[in-house]
Structure formats: C-alpha cells, structure tokens
Amino acid sequence: FLSPPSQIALAALTQVLSSKGVECLPFLKKLFTATDPSDETFDVFCRHIASIQSMSTNYVEKYSCTQQKMKLLLSKLEKCRNPFLDPKSQEFKIAQEGKKKRKAEKERKKSKRATMMVKKEE
C-alpha cells in the first residue's frame with residue numbers, strides 16, 4: 001500500500017464532506033495542534049491526504065465503466081448463470097450426454113457408410 005488504510009479512509013471522508021460543503025480540515029487541525037503545535041506536520045498531512053484524493057480520482061476516471069461495457073459484462077455474467085453453460089449443473093450434464101450420443105450416432109452412421117462403400121467396391 002502507498003498509504004495506510006486509515007489515511008485512505010480519512011481522505012475519502014474529507015473528499016465526501018467537502019463535496020457536501022462541510023469543511024473538516026479546521027477540525028483536523030485542532031486535533032493535530034493539540035498533540036503537535038507545529039503547522040509543518042499538519043501541512044505534510046494535508047498534502048498526503050490531497051495526494052490520496054488525487055490518486056483515487058485518477059483511478060476512478062481511468063477505470064470507470066461505460067453503460068455499453070456494463071451491459072456487456074452483465075450479459076457475460078448471465079451466460080455464467082445459464083444452467084446449460086454451468087458445468088456443475090444437471091442441465092449441463094444432460095446436454096453434454098445428448099451431445100455425446102449425437103456424436104456417437106454420427107460416427108456410427110459414418111462408419112456404416114464407409115463399410116457399405118467398401119462392400120460396393122468389392
């Protein structure tokens with residue numbers, strides 16, 4: 001991780017609050033100055049929180065999903081849920097047995113034709 005989970009959570013919280021019009025940095029500054037009166041530590045902290053917010057915003061913009069892509073992913077998901085395409089389902093097993101029987105029947109007919117062709121040539 002580039003940042004501890006607590007700082008990521010705090011960055012997310014400050015971003016949401018600021019989007020709602022609530023400024024929480026003065027409150028955080030009071031907490032910081034109560035334990036460390038220097039402003040330097042708080043400034044470093046604020047830069048770090050801003051960096052986390054920037055990374056998260058860039059990530060969301062880079063990996064956001066369009067409606068078309070979402071529909072494609074949902075259709076793939078539905079295929080996965082289709083019992084005829086799920087190897088663990090009974091429907092899939094029955095369909096596979098049917099395919100095997102049809103293939104065996106086709107091979108049997110092919111073999112029978114080949115045998116008949118050989119007999120005709122003799």
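The structure holds one salt bridge, a salt bridge being a side-chain nitrogen of Lys or Arg within 4 Å of a carboxyl oxygen of Asp or Glu. This is a predicted model, in which local features need pLDDT of at least 70 and side-chain atom pairs count only at pLDDT 80 or more, while totals for chains, interfaces and linings use all residues. Residues are numbered from 1 along each chain as its sequence is written, and side-chain values use heavy atoms, with hydrogens and water left out.

**Salt bridge**
- Arginine 108 pairs with glutamate 105 through their side chains, at 2.3 Å from N to O.
- Both residues belong to helix α5, three residues apart, or about one turn of the helix; helices are DSSP runs of H or I with at least four residues, numbered from the N terminus.
- Arginine 108 is partly exposed because its relative accessibility is 44%, and glutamate 105 is partly exposed at 31% (buried is under 20%, exposed over 50%, partly exposed in between; 1.4 Å probe, protein chains only).

**Positive surface patch**
- Lys106, Lys109, Lys110 and Arg113 form a surface patch of positive charge.
- Patches take residues with over 30% relative accessible area and no salt bridge, joining like charges within 9 Å and nonpolar side chains within 5 Å.
- Charges are placed at NZ of Lys and CZ of Arg.
- Lysine 106 lies in helix α5 (residues 90–121) and is exposed, with 62% relative accessible area.

**Nonpolar surface patch**
- Tyr59, Val60 and Tyr63 make up a nonpolar surface patch with about 360 Å² of accessible area together, by the Shrake-Rupley method with a 1.4 Å probe.
- Tyrosine 59 sits in helix α3 (residues 39–63) and counts as exposed because its relative accessibility is 53%.

Technical notes. Helix = DSSP H or I, 4+ residues; strand = E, 2+ residues; numbered from the N terminus. Lys, Arg positive; Asp, Glu negative; His and termini not counted.
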